[in-house]
Structures are given as structure tokens and as C-alpha cells.
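Work through the exercises below with the model open beside you. Try each task before you read its solution.

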Amino acid sequence: MENTLQYAQQLDQQDPLKEYRNRFHIPQRNGQDAVYLTGNSLGLQPKATKGYIQQELDDWAQLGVEGHVHGKNPWVSYHELFPQQLSKIVGCLPTEVVAMNQLSVNLHLLMVSFYRPTKHRYKIICEAKAFPSDQYALQSQVAFHGYEPADAIVEVSPREGEYTIRHEDILSAIEQHKNELALVLFGGVNYYTGQAFDMKAITAAAHDAGAVAGFDLAHAAGNIPMQLHDWEVDFACWCSYKYLNSSPGGVAGVFIHNKHHKDKSLPRFAGWWGHNKESRFKMGSSFEPIPTAEGWQLSNVPVLTMAAHKASLDVFEEAGFENLVTKSRQLSSYLLFVLDEINATQTQQVTQVITPRGEAEKGCQVSMLMLERGREIFDELINQGVIADWREPNVIRIAPVPLYNSFEDVWQFGDIIKKILS
Ligand SMILES: *Cc1c(COP(=O)(O)O)cnc(C)c1O
């Protein structure tokens, strides 16, 4: 590889997915396309999204309530447009996935069913420094059941002087707490370090310990390949506005393994949209859950945000998720090469990549610990048209996304840093 514009442009020429960039609105900075590297925070808008939303606005204008059944995409079953496509993205059966609510809400709803502490088994194992919303959800669930968060929540941390969590430390924490463990709840990919966890092994270890395994896939869905069904993950949830490009605060998704669908002993908070479709509109008083993930739905569907979700998933479908993963790895390798090259040409190391480098241990995101002039470099990147993310005390997170980022974006990012340093 070479850290040159010409080489990056050559990689773009050869990229079979290069046309997909034109399907997105690229934010503008200084009169030209920004180098947008925050698809891990908010994915860009597909140009088709407006038309998908307009369709539903038109049906609403022309049909009023009749849009529920006579719309082009009848609203009463709008959510049924998603399971086929989502199942390919998270690796499961279509009956195991449903688009509903938002992420933190879904995490709570799933914990109602899957965190069922008893006097002896009440602990939750999670990653240290999980996303704050997840920490708050866990703490409040534990307190709701009458336990002490400080006692019930066991965090697995990186070792002294390290940034990512060693896999063996996760497994040994599960082993150590196995007699008190109710739930293992990890991120699929940590939002701060970009570390992807071995969900298959964590699930198997949780089950061996007699516990349930759930994952927050906010940074994994649409980013890394997964096989949630085959791995026997019990439940998972994610948002759709990061790698899934489905609009700010857009409708989220959940996975519930089919082994749980008919389990009547699972508590759940019920709503009419989870009720048997045949008799839903008879408005009866006894709840009869749909025997699929849909049985966890509460409310009728938010059609406008779902239209944005559909627009984006159609782009994913067309591009092919495996193709996206292939390009993602190439972009990532190129980024790591560029950063290594910058370090090698400076007298002092400028940046340290804290994201693991192994293919199975990361997705798009690379987190860079800035060793020299971090904030100054970041501010100058922003001045020069890069959109990236700064996390205190000194980490820059960037995520070249295969649908709309180019190898040239990666080169430009590196080039701006080089110019600042010289
Ligand atoms: C982005 C993110 C959230 C955000 O939650 P919302 O309910 O969508 O606001 C929660 N958890 C994780 C791990 C995230 O990365």
C-alpha cells in the first residue's frame, strides 16, 4: 500500500461499490464534500429517503385513516417490511427480529423479560465504560428489582495500562460469578474503543453458567457480520441511526431467539401491537402474544421513521451486506496503514490506535489515542472539512463506512494530519 492520493484514487477506481457514495447526501464543508467519518454516530441520509417519507405523507394526505389498510404500503403492517432484510444484517430468522421503539426503551423492555433476578442469582456482567444509557438502564433495572447496583453489576475492565478488554478476562469473570449470575449484557462493539467482542463465546460461557446472554448492538448492527441465531444469543437490541443510516432517533430493532417465543413463563410488558393479529381489532381484554419477536411490540408503528429505515435497508440489500463487510475491512486496513505511516515519518509517535487490529475484533471504527497535540490536531481537522468525533480526554474516533466513504477520504484525513504536523 502507499499513502498517496494517486494510490487511494486507484483503490476507489477498483471499488465495486464506488457508485453507492452517490446515493447519499454528503455534508458540505468549505464549499466541498466534507470528509465525513462519523457514520458510527449518525449515518448519512440516502437520497432516496425523502421519496419514501413523501409517499407516506401523500397517503396520509389523500387517505387519512384509510392509509392503514389502503395505503401503497399499508401502515397496519408496515413493520412487516423489515424482518427479511434485518435478519440478513444480524444473522437470524425473520421471525426473530422486529423494528420497534428506540434503543434504550427496547433494552428496558427486553430486560423485563430476560433479567429475572432471584435471591441467589441476580448479578449482571457487562463491559466497563459501557455507553452511559446502558449503564443507567442496568442500574435502574437492578434497583427496580430491589438489589444494589454496586453489588449486582460486575464490570469487566481492561487491565492496568491496556485499553481493550481481554477476552479471557470476560470468560473468567463469568466463571467467577457463575453461581450468582443472572445476565451477561455486553456491547457487540464498544462505542469508545471500537473493540468487537466474541459474542459466540460470551453467549456459550453465559449459558454454561446458567445465565442469559444479551447484547447491545448499537455499534455492531450494519457494521460487523453476526450470526445471532446460530450463536444462540438470547436477545439483542440496536439503534438504526448509526451504521444503518435510518434517520436521527429513528426506529430501532430487537432480536429475540425463537426458543423464547412461546415461553409463557417470561414476563413482559404488553401492548396491543404484540397481540395476535387475527383478533387485535376485536379489542378484547386478554392479551394473546404473537408467537414471534413481534409479540414484544407495544404500539402501532411510527410510519415516518420506518419509511426512512426502509429507504436505507433497501440500499443495504442492493449493495449486499457481505460486499460491504469486505470493503469495510479494506478501508480499515488502509486507514491503519496511513496512520502507521504518519507515525513512522515523525520523530515522536503522534497517535496510538487503541482499537484491536484483528479482523474479528473490530468493525469500521478506529479509535486513536492522541499522544501529541491532540486537541489542536482535532480542531484543525474540523477546520479543514473533516467531520470526526473527539472523546475526552484525548481520543479521536473515526469510522470510514463502506457505503459512502472512499479511500480518498481516508487519504485526505491522513494528509491533513501530516500537514498540521509539518
Ligand atoms: C448510541 C447508543 C445508545 C443510544 O441510545 P438511544 O436510546 O438510541 O438514544 C445506547 N447504547 C449504546 C451502546 C449506543 O452506542
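**Exercise 1: Around the ligand**

Task: Find how far an oxygen atom of the ligand is from an N or O atom in the side chain of His219.

Solution. Start with His219: an N or O atom in its side chain is 3.1 Å from an oxygen atom of the ligand. Keep in mind that this is a predicted model. Next, apply the cut-off: a polar contact is a pair of N or O atoms within 3.5 Å.

Now look at two other side chains. A polar side-chain atom of Ser104 lies 2.7 Å from an oxygen atom of the ligand. For Tyr241, an N or O atom in the side chain is 2.6 Å from a ligand oxygen.

**Exercise 2: Two domains**

Task: State which residues belong to domain 1 and which to domain 2, then describe the contact between them.

Solution. First, read the assignment. Domain 1 takes in 5-33 + 321-421, and domain 2 covers 53-317. Their contact takes 27 residues from domain 1 and 19 residues from domain 2. The C-alpha centres of the two domains lie 30 Å apart.

Second, turn to area. The two domains bury about 1,900 Å² between them, with 62% of it on carbon and sulfur atoms. In domain 1, the residues that lose the most area to domain 2 are Phe321, Ile354 and Gln365. Together they make up 30% of what that side buries.

Third, count the polar links. Between domain 1 and domain 2 there are zero salt bridges. Eight residue pairs are in polar contact across the interface.

Fourth, name the elements. On the side of domain 1 that touches domain 2, α11 (321-344), β12 (366-370) and β15 (395-398) each supply at least two residues. Helix α11 gives the most, with four residues. By class, this side of domain 1 has 16 nonpolar, five polar and six charged residues.

**Exercise 3: Backbone details**

Task: Decide whether the peptide bond from Glu392 to Pro393 is cis or trans, and find where Lys129 lies.

Solution. Begin with omega. For the bond from Glu392 to Pro393, omega is near 0 degrees, and the bond is cis. Pro393 sits in the loop between β14 (389-391) and β15.

Then move to Lys129. This residue lies in the loop between β5 (123-127) and α6 (132-144). Its phi is positive, about 55 degrees, although Lys129 is not a glycine.

Terms used: Residues numbered from 1 in each chain as written. Predicted model: local features only at pLDDT ≥ 70, side-chain atom pairs only at ≥ 80, totals over all residues. Heavy atoms only, no water. Domains from an automatic or database assignment. Contact = heavy atoms within 4.5 Å. Buried area = accessible area lost by both parts, 1.4 Å probe. Salt bridge = Lys/Arg side-chain N within 4 Å of Asp/Glu carboxyl O. Polar contact = N/O pair within 3.5 Å; in protein donor to acceptor, adjacent residues only side chain to side chain. Nonpolar A, V, L, I, M, F, W, Y, C, P; charged D, E, K, R; others polar.
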